[in-house]
Amino acid sequence: MAEVAPAEVGHGDTHDDHHEESFWSKYVFSTDHKIIGFQYMFTGMAMALIGGYFAYVFRMQLAFPGSSIPFWGTLSPAAYNSLVTNHGTIMIFWVAMPVLIAAMGNFCIPLMIGCDDMVFPRVNRLSYQIFLLSAIVLIISFFVPGGGFGGAWTAYPPLSAKAAYNSTPFGAPLWLIAVTLEIVAFLLGGINFITTTMNARAKGMKIYDIPMLVWMIVIASILFMCSVGPLIAGAVMLLFDQTLGTSFFDAAAGGDPVLWQHLFWFFGHPEVYVVLLPAMGIVAEVVCVFARKKLFAYKLILYSTIGLGILSFFVWAHHQFISGVDPRATYLFTTTTLLISIPVAIILFAFIATLYGGSIRFSTAMLFALAFIAEFLLGGVTGIWLGSSGVDIYLHDTYFVLAHFHYTFVPIAIIAVFAAVYHWFPKMFGRKMNETWGKIHFWGTIISFNGIFIPLFILGSAGQHRRIYNFQNYPDLAGQNMQDMRVFATMCLVLMLAFQVIFIVNFIVSLKRGEKAGRNPWNATTLEWITESPPPHGNFGTTMPEVYRGPYEYSVEGREKDFWPQNEKPDSETT
Amino acid sequence: MFEFLDKFMPGILESLIPRASEFAIEIDVLFDVITILVGFWFVLVLGYFFYLVFRYRHREGQKAKYVTGETHRQKQAIEIPHFLILACDIVIIIPTFVVWYNVKIEVPPPDEEVRIVAQQWAWTFYHAGEDEILGTDDDIVSINELHVKENTQYTYHLESRDVMHSFSVPVFRLKQDAVPGRVITGHFKPILTGEWDIQCAEMCGVAHGIMGARIFIKNEAEHKEWLAMNTPIDLGGSFLAVAGEDEITELKEDKNNG
């Protein structure tokens, strides 16, 4: 419980004396959680542009193999592999992670739990600086002799361990160092999220009064901390194999290449939930605000999430059904994988049930949040085919897998993030984004997204494998109807990227010219909406908020207004 | 059982790609079973979702209901579907186990054997010669071409010389990673004649994208003809086989460990 008074929780830098700060201390070396959140958000968005550009280049190659690609040129197989590898790495480690956990966590947690900053603001600043360093190392790795690493984002040894195999003597170690640094950055950030939420909540905010987004980020941080140890150990071993000539993963010298797969996926599967949970948290917040409804079965969602987190540690080998683990082990992992559908379904059902009896306003943020539910549903259910080890024999490493996880990751890292940006933009910058352009952006993004990946399900079911730079080399895959589907998917991707220009322009224009938002433009109940927009340094001015009720008291019977902010004194005390 | 079930199934995979092995039908039926169960839930939930979105859109003067979802009756709205999903999971898990056992665990006694060696970036296939025994002097070695007989039970022994590869024959619905330092044993029984793709399904380096091969399934007589056209190992056909062979020392037969 929040027994420490908020004022005492503050950091070393006193924010009580409001002296004029220079640009550098205010925006670059700031310890303010909001600024660090922005740093993560803008870095993540910039990396998303790089990752999107990579996707454009390799999709063009697949649609028009061998021809010169505008803004790139002809694509060599080595460059194709490198683009595919780094597209995956960037989108997971440098887009989904920083935007969903770090940006949302940093910006929202202190505001939503009613405190003035993170409890360890300097650790927070260090976290971003290491993250930025990791992004720079990754970008440098594209330009070293031999080019960027091209051994897939899963980096299976022996391919990733020896330059003789992967032909990227500098790209591979730099890639690995970048990933390791990124993970260190998020460990530091996670410490802050957990500690702040547990210790610095506003007076009166009990454990079930914490907004779902905060819970989700905290649980995700705990999952990340518990799962990342084996990956760091594995990364160090792999780095030694690459640079010092050790043989942890070299079968000829007594190592075991499959060991890496276990270490990687023991981290890799909980990692999926690490980015999923904050996205679900965002959706919970947005759906409640715009349906004017209390979140359905808050405690059930919370406990399902914890159960989901625990179960996620027992499913990793479903990535390895056919990779040389004992085939009997799949009985266990098939069972746990299919069982994990239950907590996920409970959470999604609860979101859908929240709509029941609501009064739904279709703002852009709400449209994106609803789209998350619908699209993630398809991403989730297609996991059942793959979790069933028998079918996975056929579908493993096909485009079916690719389409499946893009139907989870795009809703997570793109759709939910857009919901968050449209929803919290007024709080971040004091102005609203343009709703008309927002809706055009929404429909363009959603329709073209489905246009990309629905054909890929069909291609995958027809036996098309991943990471192959030219399907014309395979007579069974070179048919005109299959090539037409590839061209269609690529065209939809180009369209989807083009629609993001609307978002970027809308974002920049709204920063200066958007409609002024005021404190609480959406009539929401959680604490971030009671302060000014944008919130000042120290968030709530001189008096810190006090909390009297849960976070989702919308449309309470017998009250005139359809929202009842968490900090509003109960009637018995005011009258 | 699978033949019987197949009569009632939409046959989605078969419409996209032929079934050329005996166990392909099992995987296809399992795929269809999952498609029906999951498809039902998907359509139901998505339909209800769109209904709610439409039904409870904002209209002037209408206030939202206050529903906590904490009472027992309200929670049942989630608990009942959750037990139904559990039931569906079990319906999927049981045939999954059967299929997995048939394809990956039990290796039927072979009529013939074939050795498959993957390396960057080619497949080497060691076929038994006319004596139908692998590892004798009349074995036939070929690069990127696997020749097998129809209706013959095969056991394969899969190796890798360098990195992870994956032996994938989509028409067989068969896939198995090749792990350096191990010999992985599995089986298949071709049931159609024809010629199809073999793909490497695991990223294996720069030329992973062209690490394909072809599988030729022929009847007994045609297969004999092909054997006669090729030079057995002891008569000089071995030059293909020795390339890179010395890198691999004693390989333990690691039966069935994946």
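Biologist: Which residues does the domain assignment of chain B give to domain 1 and domain 2?

Modeller: This is a predicted model, and its chain B is divided by the domain assignment into two parts. Domain 1 of chain B covers 2-105, and domain 2 of chain B covers 112-247.

Biologist: How many residues does each of these domains of chain B bring to the contact?

Modeller: The C-alpha centres of the two domains of chain B lie 38 Å apart. On the side of domain 1 that touches domain 2, there are 6 nonpolar, 1 polar and 2 charged residues. The contact takes 14 residues from domain 2 of chain B and, from domain 1 of chain B, 9 residues.

Biologist: Which element gives the largest share of the side of chain A that touches chain B?

Modeller: In this contact, 85 residues of chain A meet 80 residues of chain B. Among the elements of chain A that give two or more residues are α4 (77-113), α9 and α13 (364-387). The largest share, 9 residues, comes from α12(A).

Biologist: Is α9(A) largely enclosed or largely open?

Modeller: A residue counts as buried if 20 or more other C-beta atoms lie within 10 Å of its own. Of the 35 residues of α9(A), 31 are buried, so the helix is largely enclosed by the rest of the structure.

Biologist: What is the distance between the end C-alpha atoms of helix α9 of chain A?

Modeller: Helix α9 of chain A (residues 257-291) has 35 residues and, at 1.5 Å a residue, should span 51 Å. There is a kink of about 25° in α9(A), centred on A:W265.

Terms used
Residues numbered from 1 in each chain as written. Chains lettered and ligands numbered in written order. Predicted model: local features only at pLDDT ≥ 70, side-chain atom pairs only at ≥ 80, totals over all residues. Helix = DSSP H or I, 4+ residues; strand = E, 2+ residues; numbered from the N terminus. Expected span 1.5 Å × (residues − 1). Bend = angle between axes of the 7 residues up to and from the residue. Buried ≥ 20, exposed ≤ 12 C-beta atoms within 10 Å, placed from the backbone. Domains from an automatic or database assignment. Contact = placed C-beta atoms within 7 Å. Nonpolar A, V, L, I, M, F, W, Y, C, P; charged D, E, K, R; others polar.
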